[in-house]
Amino acid sequence: MAIEVQPSVSPMLTVSDGAAAIDFYVKAFDAEELGRVPGPDGKRLYHAALRINGAMVMLNDDFPEMADGKSSTPEALGGTPVTIHLTVNDVDKKFQKAVDAGATVVMPLEDMFWGDRYGELQDPFGHRWSMGQPVREVSDEEIAEAIKQPQ
């Protein structure tokens, strides 16, 4: 019998300290830990699963020995080109909660031309997160006009 799968997309984050990352995501984003699989050394995590803002986020500790000796954390790579976005209610409160948990503000919260109150954070492991809350409806024409205006 085949197992039916609900299609989804889930980020898989490589971090320098899986247990600390789980603790941070619980404090910063009210993550719910769904499970973890320790690696053979008992210290690093092969796999962990969290639910953040209703979505699955997976993570693992860095295992350079399984990647030609190369680390794949954002710190080792000099940053990340990926930003994980959370659409939330009460963005000011949730953004501040993440900052209080140890996130660094990359872009402060602002009311944006596309209608969201929006800001960006970096977690202690180098991953980027953005938070937004729709605050007003904006037409495609208004957005196109705003993009043409010098900032």
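Student: Let's start with S6 and S7. In what sense do they pair, and over how many bridges?
Tutor: S6 and S7 pair in the antiparallel sense, over five bridges. Pairing here requires that DSSP finds at least two bridges between the strands. Helices (H or I, at least four residues) and strands (E, at least two) are DSSP runs numbered from the N terminus.

Student: Before we go on, what am I looking at?
Tutor: This is a predicted model, where local features need pLDDT of at least 70 and side-chain atom pairs count only at pLDDT 80 or more, while totals for chains, interfaces and linings use all residues. Residues are numbered from 1 along each chain as its sequence is written, and side-chain values use heavy atoms, with hydrogens and water left out.

Student: OK, back to S6 and S7. Which residue is the bridge partner of aspartate 111?
Tutor: That's arginine 117, in S7. The two strands form a hairpin with four residues between them, and glycine 115 in the turn has a positive phi of about 105°.

Student: What about S7 and S8?
Tutor: They pair in the antiparallel sense too, over seven bridges. Glutamine 122 stands opposite arginine 128 in S8. This is also a hairpin, with five residues between the strands, and glycine 126 in its turn has a positive phi of about 95°.

Student: In what order do the strands of that sheet come?
Tutor: The order is S5-S8-S7-S6, an open sheet of four strands with mixed pairing. Its edge strands are S5 (83-87) and S6 (104-111), each pairing on one side only. From one strand to the next, the twist averages 15°. The parallel part is S5 with S8 (residues 128-134), over five bridges, and threonine 83 stands opposite arginine 128 there.

Student: Which helix packs on it?
Tutor: Helix H3 (residues 91-101), which touches S6, S7 (116-122) and S8. The direction of H3 makes about 5° with that of S7. Axes are lines fitted to C-alpha atoms, for helices over the stretch in contact, and angles run from 0 to 180 degrees between N-to-C directions. Contact means heavy atoms within 4.5 Å.

Student: Why is S7 called largely enclosed?
Tutor: Because five of its seven residues are buried. Buried means under 20% relative accessible area, exposed means over 50%, and partly exposed is in between (1.4 Å probe, protein chains only).

Student: New topic: where does isoleucine 143 sit?
Tutor: In helix H4 (residues 140-148). Isoleucine 143 is partly exposed, because its relative accessible area is 22%. Leaving aside neighbours within four places in sequence, isoleucine 143 is in contact with Phe113, Trp114 and Val138. Isoleucine 143 and glycine 115 are 28 residues apart in sequence, and 8.9 Å apart in space, C-alpha to C-alpha.

Student: And the other sheet?
Tutor: An open sheet of four strands has the order S1-S4-S3-S2, with mixed pairing. S1 and S2 (32-38) are the edge strands. S3 and S4 pair in the antiparallel sense over five bridges, with isoleucine 52 opposite alanine 55 in S4. H1 lies across S1, S2, S3 and S4, at about 5° to S3.

Student: Last one: which residues touch the most other members of the largest nonpolar core?
Tutor: Of its 27 residues, they are Leu13, Tyr25, Phe29, Ile52, Leu59, Trp129 and Met131. A nonpolar core is a set of buried Ala, Val, Leu, Ile, Met, Phe, Trp, Tyr and Cys residues joined through side-chain atoms within 4.5 Å. H1 gives the most to this core, with six residues.
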